[in-house]
Amino acid sequence: RHRILTIMRIFIWIIVLFAAAIGIALAARYNVGNVVLFYPPYRIDLSLNFFLLLLALLFALLYAVIQTLAATRRIPQRVGRYRQQKRERIANAALRDAMRSWFEGRFGQAEKSATQAAKVPANAGVAALIGARAAGRQQQPARRDQWLGKLQNDKSLETARLMTQIELYNEAHEPEAALAVVQQLEASGVRYAQAQHLALTANQQAGNWPEVLHKVRMLDKHKALQPALSRRMREQAYSDLLADPALDAESLRQLWKSVPPVEKIQSYIALPAAIGFNRCSLPAEAATVVEHALANEWDARLLRPYRASVAEEGTPALRQQIEHCERWQKAHPEDAELSLTLGVLCQRQKLWGKAERQLDRALSLARTAAAPEVLQREAHLHLAKLHEALDQPEQADRHYRSAAQII
């Protein structure tokens, strides 16, 4: 259809030109006017048609001269534009090469090409970002900061500069510098998921665990963090927070209150909490934490702090702990950790026969299940103490020797 329209347009123009030519020819044929030019003592007689033709030729000549002069005057500008365009073509090619080299991992070549690309102001900002990243990957902090310094006054790339700085500082393990830039980024109102990821890494490297937890919850809310990574981050944060030796009993209680209920029953959070409560001589709180977590999900690692939180002999708390272990054993009869824990609790309650059976069972399960040798050593030590309490020195010595042989 477009081709047909084009042909029709050409055909119409041809008709118009022919019509104009015919009109001019007819007008010239019937135009009998003359033009007389006097320049004493000369006189020039011209037909009107010839005079009009001369005027047209004179106009065309003058127009050509004027255009030639104008073109001559524009030559320096055209040469300047040509040179500028050539520089831009070279700089653009260098910028593309810098980006390609960056993705290929040739960071030295990427920085070299970025230097060439930065010679054109339009490319200077992006080239500086590439150069800074390339210098950072080459572990050249001085050149990295020099590249970043070129972006200080470029407001259009401020967010890109701040994001790049945080990432580079994280890669160089400079958490203090990264956190300072994070504050600038957050002050500017940037709340991108990637910005939160970078802030999370900076706080993690700085050991700022409360802020790490805050960032993890924020990213989880927007489903911007892998569940496995979120769990690992929480586990690390709570482990370091709850294992802080500077925490006293009251501080630990306050910290535990600040933990959301849905997180308290997670085994990877309950484990450091129980260890922390035992360290602060709060065995009842440690036992409660373990019991709630095991009611949510079975994790044999929680039985170790549970053994350390044994209540006093003859107390209702100790009887409840024994009942809990017996109920758990029905669901997990082949768990060596559980048998060892129940044996320890029965030993504290002076249920000697039951304690011996459970400790022997723990040893048997540990050997067949290739459990950690520390579990076998602990079972031997408890059996040795049990036989000492029953005034059976030979059996006690045998278990002491067995425990000593396990390194």
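**View 1. Val65 and a nonpolar surface patch on the predicted model.** Val65 lies in helix H2, which covers residues 48-104. This is a predicted model. Val65 has a relative accessibility of 41%, so it counts as partly exposed. The residue belongs to a nonpolar patch on the surface.

**View 2. The buried face of helix H11.** Helix H11 spans residues 249-257. Leu252, Leu255 and Trp256 are buried in this helix. Viewed down the axis of H11, the buried residues fall within an arc of 100°, so they line one face of the helix. What do the buried residues of H11 pack against? They pack against four helices: H10 (227-242), H12 (261-264), H13 (267-279) and H14 (283-296).

**View 3. The aromatic pair Trp256 and Phe277.** Five aromatic pairs turn up in a search of the whole structure. In the pair of Trp256 and Phe277, the ring centres are 6.3 Å apart and the planes stand at 85°, so the pair is edge-to-face. Planes over 60 degrees apart count as edge-to-face. Trp256 sits in helix H11 and Phe277 in helix H13, so the pair ties together parts that are 21 residues apart in sequence. Are Trp256 and Phe277 buried or exposed? Both Trp256 and Phe277 are buried.

**View 4. An aromatic cluster.** Three residues make up one aromatic cluster: Trp298, Tyr306 and Trp328.

**View 5. Salt bridge between Arg133 and Glu167.** The structure holds 20 salt bridges. In one of them, the side chains of Arg133 and Glu167 meet at 3.0 Å, N to O. Arg133 belongs to helix H4 (residues 121-137) and Glu167 to helix H6 (residues 158-171), so this pair ties together parts that are 34 residues apart in sequence. Glu167 has 22% relative accessibility and therefore counts as partly exposed.

**View 6. Salt bridge between Arg137 and Glu171.** Which residue forms a salt bridge with Arg137? The partner is Glu171, with the closest N and O atoms 3.3 Å apart. Arg137 lies in helix H4 and Glu171 in helix H6, so the pair ties together parts that are 34 residues apart in sequence. Arg137 is partly exposed, with a relative accessible area of 39%. Glu171 is partly exposed too, at 33% relative accessibility.

**View 7. Salt bridge between Glu326 and Lys354.** Here the side chains of Glu326 and Lys354 meet in a salt bridge, at 1.9 Å from N to O. Where do the two residues lie? Glu326 is in helix H16 (residues 316-331) and Lys354 in helix H18 (residues 352-368), so the pair ties together parts that are 28 residues apart in sequence. Glu326 counts as partly exposed, at 29% relative accessibility. Lys354 is partly exposed, with a relative accessible area of 23%.

**View 8. A network of salt bridges.** Which residues are linked in a network of salt bridges? The members are Arg217, Asp220, Arg234 and Glu263.

Conventions. Residues numbered from 1 in each chain as written. Predicted model: local features only at pLDDT ≥ 70, side-chain atom pairs only at ≥ 80, totals over all residues. Heavy atoms only, no water. Patch = residues over 30% accessible without salt bridge, like charges linked within 9 Å, V, L, I, M, F, W, Y side chains within 5 Å. Areas by Shrake-Rupley, 256 points an atom, 1.4 Å probe, with all protein chains shown as cover. Salt bridge = Lys/Arg side-chain N within 4 Å of Asp/Glu carboxyl O. Buried < 20%, exposed > 50% of the residue type's maximum accessible area, 1.4 Å probe, protein only. Arc of directions from axis to C-beta. Contact = heavy atoms within 4.5 Å. Phe/Tyr/Trp six-rings, centres within 6.5 Å; stacked < 30°, edge-to-face > 60°.
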